[in-house]
Amino acid sequence: MILYPAIDLKDGQCVRLLHGEMDKATVFGDDPAAQAASFEAAGCEWVHLVDLNGAFAGEPVNAAAVEAILSRISVPAQLGGGIRDMATIERWLSKGLARVILGTVAVENPALVRAAARAFPGQVAVGIDARNGRVATKGWAEETDVMVTDLARSFEDAGVAAIIYTDILRDGAMGGPNIAATEALARAVNIPVIASGGVSSLPDLITLRDTGVIAGAISGRAIYDGALDLQAALSALKA
C-alpha cells in the first residue's frame, strides 16, 4: 500500500481544512515546493496535491505553487481541484503531473472522465468525496443524491487509474478513516481504491493495509502535526 503525503494548497500556502470548510484552514507552511521536496527526501513514492481554491472556483488557481512543486521533485505527483475540462487535463499532464484527479466532473460530466482516461491511460483518477455515503461536489459544497458505490461502478470499464475515496466527515479531524466504507468500496469495484480523510496514525495505516484490498492512503494533517511519523510509516508499509 502506498502512502501519499498530502499538500493542500490555499492562496499559495500549505493548509489543512477541517471537514473541507475553507474558513477552517490551518496554515502549515508557505513553501509548498520545499514541503514536497521533504516528502521525497523522506522516501515517499508519490505526492498528493489539492488546489483547494480551484475546487471552489472550478478552474486552477494555485498553478504557480503546483508548478514550483513539479520543478522540485522527481517522484510522481497527482493533483485534484478545479480540473473540469480536457484542456486543463492536457495542460497539467504536459507540465509533468503524473495523474489528474477528476471529482466534480465525474458526477456532472462522466463522458469527460471516460474520454480523458482513453486519451491518457493510467493518468486519470476519479475523486469521490462523500458524506454519509452520498457524493459531494464543488469543493464539497454541494451534496448530491448519487451513492458512492454507484458512481464508482459506473467507471469500471473506463480505464481510470484509481479512485480516491474521501469521507468528508473524517477529513482533517484526526479521528481515523472510515475503514469499513473504504474497504467495502474497494471490494465492490475492480479499480484500485486510495483511502483519504482521517488517516491519522500508524495503526490507521496498518489496518487499511491489512484489508488487503486498499491500494493507498492519503494523509496530511497527521504528518504536519507529528501524529504520524513519516519514516516509521514508510518503513512499516514496506515490511
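Visitor: Which residue takes a positive phi just after H4?

Guide: Gly-96, at about 105°. Helices (H or I, at least four residues) and strands (E, at least two) are DSSP runs, numbered from the N terminus. This is a predicted model, where local features need pLDDT of at least 70, side-chain atom pairs count only at pLDDT 80 or more, and totals for chains, interfaces and linings use all residues. Residues are numbered from 1 along each chain as its sequence is written, and side-chain values use heavy atoms, with hydrogens and water left out.

Visitor: What happens at the start of H4?

Guide: There, Asp-85 places a side-chain oxygen within 3.2 Å of the backbone nitrogen of Ala-87.

Visitor: How do I read burial, and which residues of H4 are buried?

Guide: Buried means under 20% relative accessible area, exposed over 50%, partly exposed in between (1.4 Å probe, protein chains only). In H4 (residues 86-94), the buried residues are Thr-88, Ile-89, Trp-92 and Leu-93. Their arc, taken from the directions from the helix axis to the C-beta atoms, is only 125°, so they sit on the same side of H4.

Visitor: What covers them?

Guide: Contact means heavy atoms within 4.5 Å. The cover includes helices H3 (63-72) and H6 (110-119), along with strands S5 (77-80) and S6 (99-102).

Visitor: How do I read ring pairs, and how many are there?

Guide: A pair of aromatic rings is described by the distance of the centres and the angle of the planes. Rings of Phe, Tyr and Trp (its six-membered ring) pair if their centres lie within 6.5 Å; planes under 30 degrees apart are stacked, over 60 edge-to-face, the rest tilted. The count here is three aromatic pairs. Phe-28 and Tyr-224 have centres 4.9 Å apart and planes at 20°, so they are stacked. Phe-28 is in strand S3 (residues 21-29) and Tyr-224 in helix H10 (residues 221-225), so this pair ties together parts 196 residues apart in sequence. Phe-39 and Tyr-224 have centres 6.1 Å apart and planes at 55°, so that pair is tilted. Phe-39 belongs to helix H1 (residues 32-42), so its pair with Tyr-224 in H10 ties together parts 185 residues apart in sequence.

Visitor: Which rings form a cluster?

Guide: Phe-28, Phe-39 and Tyr-224, linked by ring pairs. Phe-39 and Tyr-224 are buried. Phe-28 is partly exposed, at 25% relative accessible area.

Visitor: Which residues have a positive phi without being glycines?

Guide: Most residues other than glycine have a negative phi. Asp-11 has a positive phi of about 55°. The loop between strands S1 (2-10) and S2 (13-18) holds Asp-11, which is exposed at 54%. Asn-132 has a positive phi of about 50°. Asn-132 is in the loop between strands S7 (124-131) and S8 (134-137), and is exposed at 68%.

Definitions and conventions: A polar contact is a pair of N or O atoms within 3.5 Å; within protein, one must be able to donate a hydrogen and the other to accept it, and residues adjacent in sequence count only if both atoms are side-chain atoms.
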